[in-house]
Amino acid sequence: MREGILFIISGPSGSGKTTLTKRVIETVDNLKFLVSCTTRPPRLGELDGVDYRFISENEFQEMVKNERFAEWAQVHGHHYGTPVEEIERARSSGVDLLLDIDTQGARNIRGRYSSSVYIFITPSSLNVLRERLIKRHDEGTLEIARRIEDSRKEMDEINSYDYIIINDTIHEALDRLKAVIVAERCKREMVLKSLKGF
Ligand code: 5GP
């Protein structure tokens with residue numbers, strides 16, 4: 001059995017990466033979403049243990065101290081971290097993992113796990129991004145302005161990613177994301193499982 005691949009997905013807020021990751025998890029076998037920890041309060045409809053593990057600042061700092069995060073970062077004023085146990089468990093059982101983390105987190109985790117693939121999701125223009133953030137109604141005007149400002153910093157890192165997926169239409173972006181996953185699995189000869197007699 002090969003070890004699980006880590007598909008690390010980044011992209012500005014409003015790039016549609018959350019929708020894309022949810023859809024891809026529903027349709028691709030042997031692929032799990034890694035639930036991060038955050039100190040951000042849940043949004044309407046978000047569930048603890050499904051979207052995030054929502055924890056207090058104290059709990060977060062305790063986990064940092066005990067080195068229980070593979071990486072962590074402050075994003076848009078809140079803390080986010082990837083629990084190391086979740087990664088280890090999935091990798092050793094051969095399950096591929098999808099991580100939705102920001103560009104700082106992706107940078108910090110780079111080189112730590114051998115089988116990692118870096119994917120950047122973005123709309124084709126800043127205008128599309130702005131419109132999506134406004135339509136989402138999740139955040140106030142100030143928060144939207146902050147996320148747009150942060151998106152410029154995230155875009156600066158785009159060239160360090162293995163794949164870039166333009167997400168203007170969800171179906172096309174989903175097809176591309178699935179294609180990346182299939183291609184990376186083929187690279188690791190997952191297909192050999194079905195080849196007999198060699
Ligand atoms: P949101 O609050 O909109 O769910 O996420 C804000 C940002 O935090 C997104 O860019 C998302 O990719 C990032 N994020 C979510 N979980 C983690 C994590 O565990 N580590 C890091 N570094 N970023 C994360």
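A note on the model: it is predicted, so local features need pLDDT of at least 70 and side-chain atom pairs count only at pLDDT 80 or more, while totals for chains, interfaces and linings use all residues. Residues are numbered from 1 along each chain as its sequence is written, and side-chain values use heavy atoms, leaving out hydrogens and water.

Next I checked the partner of Arg-91. Its side chain meets that of Glu-3 in a salt bridge of 2.7 Å, N to O (a side-chain nitrogen of Lys or Arg within 4 Å of a carboxyl oxygen of Asp or Glu). Glu-3 sits in the segment before S1 and Arg-91 in helix H3, 88 residues apart (helices are DSSP runs of H or I, at least four residues, and strands are runs of E, at least two, numbered from the N terminus). Glu-3 is partly exposed, at 36%.

Then I turned to helix H7. I found Ala-173, Leu-174, Leu-177, Val-180, Ile-181, Glu-184 and Arg-185 buried there. They cover an arc of only 130° around the axis, which puts them on the same side of H7 (the arc is taken from the directions from the helix axis to the C-beta atoms). The face turned away carries exposed His-171 and Lys-187.

Last, I saw that Glu-184 and Lys-187 form a salt bridge at 3.0 Å, N to O. Glu-184 is buried at 4%, whereas Lys-187 is exposed at 58%.

Definitions and conventions: Buried means under 20% relative accessible area, exposed over 50%, partly exposed in between (1.4 Å probe, protein chains only).
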